[in-house]
Amino acid sequence: MPDEPLLPPQPPESKPDEGQGAAVAERQLARTEPPRMYQVVLLNDDYTPMEFVVMVLQEYFNRDLEASTQIMLKIHHEGRGVCGVFSKDVAATKVELVLAAARRSGHPLQCIMEVA
Ligand code: TYC
């Protein structure tokens, strides 16, 4: 015979605020922010040919000839111009591809990304 009286099975111990209901309420309160977006920006310089910049805008940012020429001229006159707005990974990849193409062709073109 055991010393202690036999009790019916007890539920596991839990404090009032640690029940599953509290966890669900907490999860529902945590609002998911939309992902940060990044603009890819081309910078002006005195050496990169205009045609090369127009080609970059067409090839890497899917702009037609007209839009590419407008953006290139804006950069030429104002010092910088936005090529497009993307998620972080896509923006970073575009920057790398543009810089690699510019270096391969021997141009000093600068391309950066910044929070949109
Ligand atoms: N300023 C350059 C030139 O006169 C053209 C140019 C445009 C260079 C845009 C870079 O991001 C640039 N050849």
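In this predicted model, the ligand is surrounded by Leu-43, Asn-44, Asp-45, Thr-48, Met-50, Val-53, Ile-75, His-76 and Leu-109. By class, the residues of this shell comprise 5 nonpolar, 3 polar and 1 charged.

| Residue | Protein atom | Ligand atom | Distance |
|---|---|---|---|
| Leu-43 | backbone N or O | oxygen | 2.8 Å |
| Thr-48 | backbone N or O | nitrogen | 2.9 Å |
| His-76 | polar side-chain atom | nitrogen | 2.9 Å |

On its own, the ligand has 350 Å² of accessible area, and the protein covers 89% of that area. Two elements, H2 and H3, each give two or more residues to the shell around the ligand.

The fold itself may now be considered. An open sheet is formed by 3 strands in the order E2-E1-E3, with antiparallel pairing. At its edges are strand E2 (80-87) and strand E3 (110-115), each of which pairs on one side only. Direction ignored, neighbouring strands of the sheet are turned by 25° against each other on average. In general, the strands of a sheet pair through backbone hydrogen bonds, in either a parallel or an antiparallel manner.

How many bridges join strand E1 to E3? Strand E1, which spans residues 37-43, is joined to E3 by 6 bridges, and the two run antiparallel. Val-40 stands opposite Met-113 in E3.

Helix H2, made up of residues 50-61, packs on the sheet and touches E1 and E2. The direction of helix H2 makes about 160° with that of E1. Helix H3, covering residues 65-78, also packs on the sheet, where it touches E1 and E2. For helix H3, the angle given is with E2: the two directions make about 125°.

Terms used
Residues numbered from 1 in each chain as written. Predicted model: local features only at pLDDT ≥ 70, side-chain atom pairs only at ≥ 80, totals over all residues. Heavy atoms only, no water. Pairing = 2+ DSSP bridges. Helix = DSSP H or I, 4+ residues; strand = E, 2+ residues; numbered from the N terminus. Axes fitted to C-alpha atoms, helices over the stretch in contact; angles between N-to-C directions. Contact = heavy atoms within 4.5 Å. Near = heavy atom within 4 Å. Polar contact = N/O pair within 3.5 Å; in protein donor to acceptor, adjacent residues only side chain to side chain. Areas by Shrake-Rupley, 256 points an atom, 1.4 Å probe, with all protein chains shown as cover. Nonpolar A, V, L, I, M, F, W, Y, C, P; charged D, E, K, R; others polar.
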